[in-house]
Amino acid sequence: MVKHQPLQVYEKQVFLSFVTGVYGCRWKRYQRSQDDSSRWECTWFILLCSSFLLLLFWAYFWLVAQNDINEFNMSVYNLSGEWSDETIPLLASSTIGFSYITFLLMLALSHISLGQQLNLYWVHKIGVLATLLTTISGIISVDDLWADEWDILLVSLQATAPFLHLGALTTVTAISWLVAGYVVRRERSTFQVLVLLIYTLLLLALFLAPLTFTCPCIMDRHSLTHRPDVIGRRGAPMLAPENTMVSFNRALQHGASSLEADVSISVDGVPFLMRDSTFRRTTDISKVYPSRQYDDASSFNWTEIRSLNAGQWFLESDPYWTAKTLTERDRARIANQSVCSLVDMLRLASRANSSALLDIRRPPPEHPRHRSWFMDTLWAVQKAGISQKRVRTVTWTPDSDRGRVRGLQQGANEKLSIKEIRQRGITSLNLHYSKAHHKDIEEYLANNVSVTVYPVNEPWLYSLLWCSGVPSVSSDAPQVLRKVPYPIWLMSHHAYDFIWITSDLVSLAVVIGIFCYQKWKMSGMQNYNPEQIMLSAVTRRTSREVNIMKEKLIFSDINNGLGSSEELSLYPENGYARYSHSNISR
């Protein structure tokens with residue numbers, strides 16, 4: 001009598017079911033396969049990896065662009081005419097998309113590691129495409145609206161390159177497990193050679209990448225200059241309405257050594273502080289003078305300007321999410337703020353023994369003070385009682401008018417050569433951080449030209465400029481920079497060289513070890529036969545390689561010599577596994 005034993009599954013594989021179920025909706029064992037993935041599914045995997053890398057770049061961009069969020073919102077306001085924090089929907093959608101794509105990529109890599117066939121579910125395919133297209137549209141929109149901001153990526157690499165290098169090296173080293181598992185297969189193909197070549201070149205590029213780094217904070221700590229002075233740019237606009245007395249007071253309270261303001265001239269010759277060309281954003285002109293809310297700010301006289309409220313908008317719109325932290329006393333004081341005159345700001349600077357940086361906007365040609373704006377400014381300086389040596393101007397005027405502004409230190413908002421600086425009588429430069437290169441700063445300082453860099457609102461950028469030797473920075477957030485008593489990181493050349501070489505050697509050793517282990521493991525798997533697998537079942541071995549071989553024997557037609565007249569019983573009975581032939585009888 002012949003006794004046939006049915007084939008049965010050994011144990012539940014919860015993690016494998018979760019991975020294949022969530023990624024490809026393959027929850028059942030019979031739905032899974034260990035065959036090679038199709039070219040179509042490999043294409044989707046490449047698309048998934050591309051989406052992840054693009055989102056990683058997008059996330060990094062917004063991380064470093066936090067320094068210029070105010071400028072981005074201002075650009076949107078200039079186009080739409082309405083002030084709102086447009087970064088919120090961008091950051092929210094980017095965070096959700098990045099989390100989703102990262103989760104899918106982890107599942108895909110788990111498939112590869114477990115030897116499972118890739119089969120992305122159609123719902124996820126739609127999600128990947130939607131995320132990819134949304135990210136691309138966001139990049140195009142930023143490039144159209146805020147193209148100059150891409151410069152911050154190169155600037156930020158001066159501060160983050162050593163850490164990004166270590167992260168990339170760790171990631172590529174870890175990927176060697178998957179690359180080795182694919183390359184050491186018995187079957188040889190041109191694609192395997194191509195994968196190995198690309199991986200080797202990538203690893204070699206990472207090993208040598210630090211040779212291209214330019215990091216000012218890799219320096220001898222004894223060469224570090226004094227802490228850069230912080231200039232309150234329009235006061236402390238994140239804590240109080242910009243260009244108001246409350247804002248300037250807050251800046252001084254948080255350690256600002258100087259005050260910066262935007263100056264316009266009224267029709268009756270009174271210099272006042274206003275960043276925008278109109279009063280719409282920062283005053284209640286829509287209620288007081290609704291028919292004139294789009295008129296140029298310099299077309300009003302001082303009596304009309306003084307009647308506008310310049311603080312209530314800050315409490316209502318809460319542009320920097322800080323209004324809720326204000327006390328009732330502070331809210332009452334802000335609510336009663338009016339447009340600040342230049343004289344009032346300079347008097348405050350004089351009492352605090354600080355200096356002032358003035359961005360003066362020349363009135364339009366039809367303005368009655370078009371030719372006398374400089375005299376109006378000098379009158380305000382003299383009336384305030386502040387020393388002219390402590391007032392620095394950045395005038396938006398032709399060079400022919402610069403000579404008429406006597407007694408004040410004159411600056412420029414553009415990068416100039418030393419020869420041009422001397423010819424034009426300029427004593428200081430007010431440069432955007434993207435144009436403030438380390439070597440240029442050294443050259444300016446060596447020729448007694450003062451340099452102020454703007455806008456500097458994040459600790460990483462402040463630390464980078466500190467290491468570069470910048471003497472002063474202009475900031476919208478003096479309360480943040482006050483908490484940076486020392487550069488975030490500072491490292492000598494010898495220390496970084498040691499870290500670099502050590503990390504490369506460790507990575508190389510780990511990669512070689514992984515390839516050797518994968519080769520040894522694959523050679524062991526190739527030597528398995530049915531008898532060894534049955535013995536492993538008797539001893540209850542749970543290695544992944546043995547389980548794979550068991551499944552292949554059960555679910556494939558290739559049974560390593562077992563024909564239709566033979567049957568394999570791998571379910572445990574009294575702790576044993578059976579192998580029986582149909583021609584064996586009791």
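## Aromatic pairs

The count comes to 23 aromatic pairs, where rings of Phe, Tyr and Trp (its six-membered ring) pair if their centres lie within 6.5 Å, with planes under 30 degrees apart counted as stacked, over 60 as edge-to-face and the rest as tilted. One of them is stacked: phenylalanine 57 and tryptophan 150, at 6.1 Å centre to centre with 20 degrees between the planes. This pair links distant parts of the chain, 93 residues apart, with phenylalanine 57 in helix α2 (residues 39–64) and tryptophan 150 in the loop between α5 (122–145) and α6 (151–183). Helices (H or I, at least four residues) and strands (E, at least two) are DSSP runs, numbered from the N terminus.

The model is predicted: local features need pLDDT of at least 70, side-chain atom pairs count only at pLDDT 80 or more, and totals for chains, interfaces and linings use all residues. Residues are numbered from 1 along each chain as its sequence is written, and side-chain values use heavy atoms, leaving out hydrogens and water.

## Aromatic cluster

Phe57 and Trp150 also belong to one aromatic cluster with Trp58, Phe61, Trp62, Phe72 and Trp146.

## Charges over rings

Arginine 281 has its charged end over the ring of tryptophan 313, 5.7 Å from the centre; the rule asks for NZ of Lys or CZ of Arg within 6 Å of the ring centre and within 35 degrees of the ring normal. For arginine 292 the ring is that of tyrosine 289, with the charged end 5.9 Å from its centre.

## Helix α8

Helix α8 spans residues 245–253, and its buried residues are Val246, Ser247, Phe248, Arg250 and Ala251 (buried means under 20% relative accessible area, exposed over 50%, partly exposed in between, with a 1.4 Å probe and protein chains only). Just after α8, glycine 255 takes a positive phi of about 90 degrees.
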